[in-house]
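Work through the exercises below with the model open. Try each task before reading its solution.

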Amino acid sequence: MTLGGMITAALSGKLAALIGRRRTMWISDVCCIFGWLAVAFGHDIMLLNIGRLFLGFGVGLISYVVPVYIAEITPKIFRGGFTFSNQLLQCFGISLMFFTGNFFHWRTLALLSAIPCAIQAICLFFIPESPRWLAMYGRDRELEVTLTRLRGENIDILEEASEIRETVEISRRESENGVRDLFHMRNAHALIIGLGLMLLQQFCGSSAISAYAASIFDKADFPTDIGTTILAAILVPQSIVVILTVDRWGRRPLLMISSIGVCICSFLIGLSYYLQKHGEFQKFCSVLLIVGIMGYVSFFCIGLGGIPWIIMSEVFPLNVKITAGSLVTVSNWFFSWIIIYSFNFMMQWSSSGTYFVFSGVSLMTIIFIWILVPETKGRTLEEIQASLVGR
């Protein structure tokens, strides 16, 4: 799956620019539907692997285009909450699978997972295209109609439409070629933020805990069904809290709280494995582990889980957004693959040491956010990008 994700993530920006954000999401849904059906009905390893590969294709596309699309259609005062709604629904889906996985066969789960993909594929015919994409292709009349549809009949959209056209035109003039323009010094700060947040998001161990939750509970002698059910119960409420606060508190405070919490909880998980290995406080170890895991997931959800994608959709100028978005998304999938692949080897090396490493990475994340990540709350995309170029 991570291989498929890396392949389409590399193409996602170009594809979204060529055929539009909406059509790219539709292709993603088709890939996911095929993938889930292949998993559900596959009777050999090859078909299961093909299904997982197509799921990677689908998620690799949509993980880039959804945050960008939402950021481009949403008013600045609501942009953070709307963009994080993507993370909320991801958490809802994960919670649903954690919970129903205790009662259904995995093939049934695969069929259930195809249903939301089919629903979205149909509903995409009824949503507007991104105003900024329409401006890129000079479709001014459609741009104004779309903004009126998004903002309401009684709202004057002429100023916003003019600002979007001006930004697109400036980006077109400044754009020389994708990769070379991306690595121009004026984009260095945005690139460091995008790549740095994705690297730290994955290297703090998030993908490993999500992928191996059941085996983590089992290794610590904690009932797997109870552990996954508790995980399912806390994911959605945490994401709702973020939606209500991300445009009030801002991105930076939530990222800082999230990173500090993940750092502490990773240390607690490592400590529980350390005590278990040395035969000390055995009854206390399971409690420490469950507190650490639940705390980790809760703190990760309120910041590091979704806010890096919000910031990624905000900091890059339009002339490099395609290339930058693809690079950042590919990097995220690549870092995820490294962690998922290496996690079992790290656990064989040292269970406690693995989580102490994750805790150390989270500490580095705190420093990185404090020094380099700007606050983007309540600012237009144009204002954010101008401030980064100035710095």
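**Exercise 1. The nonpolar patch**

Which helix gives the most to the nonpolar patch?

Solution. This is a predicted model: local features need pLDDT of at least 70, side-chain atom pairs count only at pLDDT 80 or more, and totals for chains, interfaces and linings use all residues. Residues are numbered from 1 along each chain as its sequence is written, and side-chain values use heavy atoms, with hydrogens and water left out.

Step 1. Find the members. Phe99, Phe103, Phe104, Leu112, Ile115 and Ile119 make a nonpolar surface patch of about 590 Å². Patch residues have over 30% relative accessible area and no salt bridge; nonpolar side chains (Val, Leu, Ile, Met, Phe, Trp, Tyr) are joined within 5 Å, like charges within 9 Å. Areas come from the Shrake-Rupley method with a 1.4 Å probe, and for residues only the protein chains shown count as cover.

Step 2. Assign the helix. Helix H5 (residues 106-123) gives the most, with three residues. Helices are DSSP runs (H or I, at least four residues), numbered from the N terminus.

Step 3. Check one member. Ile115 lies in helix H5. Its relative accessible area is 45%, so Ile115 is partly exposed. Buried means under 20%, exposed over 50%, and partly exposed in between (1.4 Å probe, protein chains only).

**Exercise 2. Aromatic pairs**

Classify the ring pair Phe267 and Phe356, then the pair Phe334 and Trp337.

Solution. Step 1. Set the rule. Rings of Phe, Tyr and Trp (its six-membered ring) pair if their centres lie within 6.5 Å; planes under 30 degrees apart are stacked, over 60 edge-to-face, the rest tilted. The structure holds 17 such pairs.

Step 1. Take Phe267 and Phe356. Their ring centres are 5.3 Å apart and their planes stand at 40°, so the pair is tilted. This pair links distant parts of the chain, 89 residues apart: Phe267 is in helix H14 (residues 251-277), Phe356 in helix H18 (residues 351-372). Phe267 is partly exposed at 41%, and Phe356 is partly exposed at 30%.

Step 2. Take Phe334 and Trp337. The centres are 6.2 Å apart with 20° between the planes, and the pair is stacked. These two residues are three apart in helix H17 (residues 318-349), so about one helical turn separates Phe334 and Trp337.

Step 3. Widen the view. Ring pairs link Phe203, Phe334, Phe335, Trp337, Tyr341 and Phe345 into a cluster.

**Exercise 3. Salt bridges**

How many salt bridges are there? Which residues are linked in a network of salt bridges?

Solution. Step 1. Side chains of opposite charge can pair when their charged atoms come close. Here a salt bridge needs a side-chain nitrogen of Lys or Arg within 4 Å of a carboxyl oxygen of Asp or Glu. The count comes to six.

Step 1. Inspect individual bridges. Arg139 pairs with Glu142, with the closest N and O atoms 2.8 Å apart. Arg165 pairs with Glu144 at 2.7 Å. The Arg165 bridge links distant parts of the chain, 21 residues apart: Arg165 is in helix H8 (residues 158-174), Glu144 in helix H7 (residues 140-151). Glu160 meets Arg151, also in a salt bridge, at 2.7 Å.

Step 2. Compare burial. Arg151 is buried, at 16% relative accessible area, whereas Glu160 is partly exposed at 24%.

Step 3. Name the network. Asp140, Glu144 and Arg165 are linked by salt bridges.
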